[in-house]
Amino acid sequence: MRVAVIGAGKMGLPLAAFMASRDLTVAVCDINKELVEEINSGHCPIEEPGLPEILECSVADGNLVATTETVEAVCQADVVVIIVPALINDEYDIDLSVLESVTEQVAEALHPGLLVCFETTVSVGTVRTRFVPILEQSGLKCGEDFHVCFSPERVKSRMVLQRLSETPKVVGGFNEKSCRLGEEFYTRALGAEVLDVGTLEAAEFTKLVGMLYRDVNIALVNQISRYAETIGMDLGRIIPAANTNGEAHLLLPGIGVGGHCAPVYPWFIIRDAERHGVDLTLAKTSRSLNDGQSEHVVQRLEEELGGLTGRRVLVLGLAFRPQVKEPAFSPAFLVREALAKRDAEIFLHDHHFTAGEIGDHGFRTGELDDPDGWDALVLVTGHRRYRDLDFKSLAAAGLKVVVDGRNLWSPDSIRDEGLSYIGIGR
Ligand SMILES: NC(=O)c1ccc[n+]([C@@H]2O[C@H](COP(=O)([O-])OP(=O)(O)OC[C@H]3O[C@@H](n4cnc5c(N)ncnc54)[C@H](O)[C@@H]3O)[C@@H](O)[C@H]2O)c1
């Protein structure tokens, strides 16, 4: 079986290499020429545990080839998997420009018998109403001459290879036969359990509702955390206890929710529901509660310091998740906004990024051992490296307040150094 995977990014490349390691012949297509050359030289261009090994082997044995020639790769494929990004525009609505241009390329090379699988998260109805008509411009008929599936990618970067065969693969198709072909393909390609949910729309909805659940769940604990802070209770003890009855599945509160997924996908469902006359108030409130966490903690910091004008604040972490180099929609940006409007002097530390990269994201780089010291630290990312900070030395250098946006530290050990501690929901 010959597969063309379009998009050799954090998701597409591990997926392509994984399928190649299962003896499929895979061409991974990307517009980035340097990336393609690097893959073909057997080097892994992204940080993904286990990927360098399977990529090197698959390239060496000829099962994996990278190319910028998408149309040619599709011509030679039995199955096409599309995993290029969907974007979000200024109105918080889905921007399909990249996906539509890729679909046009697939249409150019469409041939009878081809199975086209979309994996990028999109609004309900997108594949049938936006992509199938583009593919049918080829003159071939969907569901008869060629087939289309939607199968959302539900694994996380840095855990892709481990999760690809463990996470049930949700599949929906254009019609019954498309579903069956999708099910057969993913069973062969991933070795994972395949869940046929019946239609393209059901598969699109499944991914979105899973993401929405996560955002609403976090918003709930974030709101409850304000109550816990006020009455002096520690949610860190209460949530694990509440979760023991098999009915509650509460996540943890924090300084905000970042990444490509949680802050973005709820909007795909909110906007589409609006088009259908349905107002998803809970989803919208959750988005604003989660984004409002940064303002809330900065307000608490302002009260603690008696004002932030001219105060030197070091933000710890640009990545949206610990141990990754990925700044997409990081709460660090909202923290900066909240600090800037109070005229604080803002610096950022994240050892996963160079000073140049930190500068490109609009921050001044700061070091923990800066001789001028800091008035406050604001922890955004729970990187392992931050677990054991020397609070004694930091206090001696002038530190006054620690904002623990991920509840990473023990409040008592920080207070023992004469520092004020602000946690979330504790
Ligand atoms: N990153 C995650 O953790 C994650 C998790 C689950 C699902 N997803 C899904 O995967 C999608 C892709 O995410 P990603 O993290 O791999 O993105 P990415 O930005 O890492 O990679 C996208 C790749 O697509 C390439 N590309 C862009 N336009 C192209 C074109 N016209 N032709 C060929 N290649 C093109 C880019 O050069 C890039 O290499 C997301 O939109 C999302 O729906 C991502």
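Hi everyone, let's start with a helix pair: α9 (residues 200-231) and α12 (residues 281-305) pack at about 50°, with their axes 8 Å apart. Helices here are DSSP runs of H or I with at least four residues, numbered from the N terminus. Axes are lines fitted to C-alpha atoms over the stretch in contact, and angles run from 0 to 180 degrees between N-to-C directions.

Before I go on, this is a predicted model, where local features need pLDDT of at least 70, side-chain atom pairs count only at pLDDT 80 or more, and totals for chains, interfaces and linings use all residues. Residues are numbered from 1 along each chain as its sequence is written.

Back to our pair. α9 and α12 are therefore oblique to each other; under 35 degrees would count as roughly parallel, over 145 as roughly antiparallel, 65 to 115 as roughly perpendicular, and the rest is oblique. Their crossing is left-handed, the term for a near helix turned anticlockwise from the far one by less than a right angle, with clockwise being right-handed. On the α9 side, the contact residues include Leu-212, Asp-215, Ala-219 and Arg-226, and α12 brings, among them, Leu-282, Arg-287, Asn-290 and His-296. Contact means C-beta atoms, placed from the backbone, within 7 Å. By class, this contact of α9 with α12 has seven nonpolar, seven polar and three charged residues. Nonpolar covers Ala, Val, Leu, Ile, Met, Phe, Trp, Tyr, Cys and Pro; charged is Asp, Glu, Lys and Arg; the others, Gly among them, are polar.

Next, how do α9 and α11 (residues 265-275) cross? Their axes come within 8 Å, at roughly 110°, so the two are roughly perpendicular. This crossing is left-handed. Leu-208, Met-211, Leu-212 and Asp-215 of α9 meet Tyr-265, Pro-266, Phe-268 and Ile-269 of α11. That contact holds seven nonpolar residues, no polar ones and one charged.

From α12 we have Asp-291, Ser-294, Glu-295 and Val-298, facing Pro-331, Leu-334, Val-335, Ala-338 and Leu-339 of α13. Sorted by class, the contact of α12 with α13 has six nonpolar, one polar and two charged residues.

Let's zoom out to the domains. The chain divides into domain 1 (2-192) and domain 2 (207-426), with bounds from an automatic or database domain assignment. Their C-alpha centres lie 34 Å apart. In the interface, 13 residues of domain 1 are in contact with 13 of domain 2. The domain 1 side divides into six nonpolar, three polar and four charged residues.

Thanks, everyone!

Conventions
Contact = placed C-beta atoms within 7 Å.
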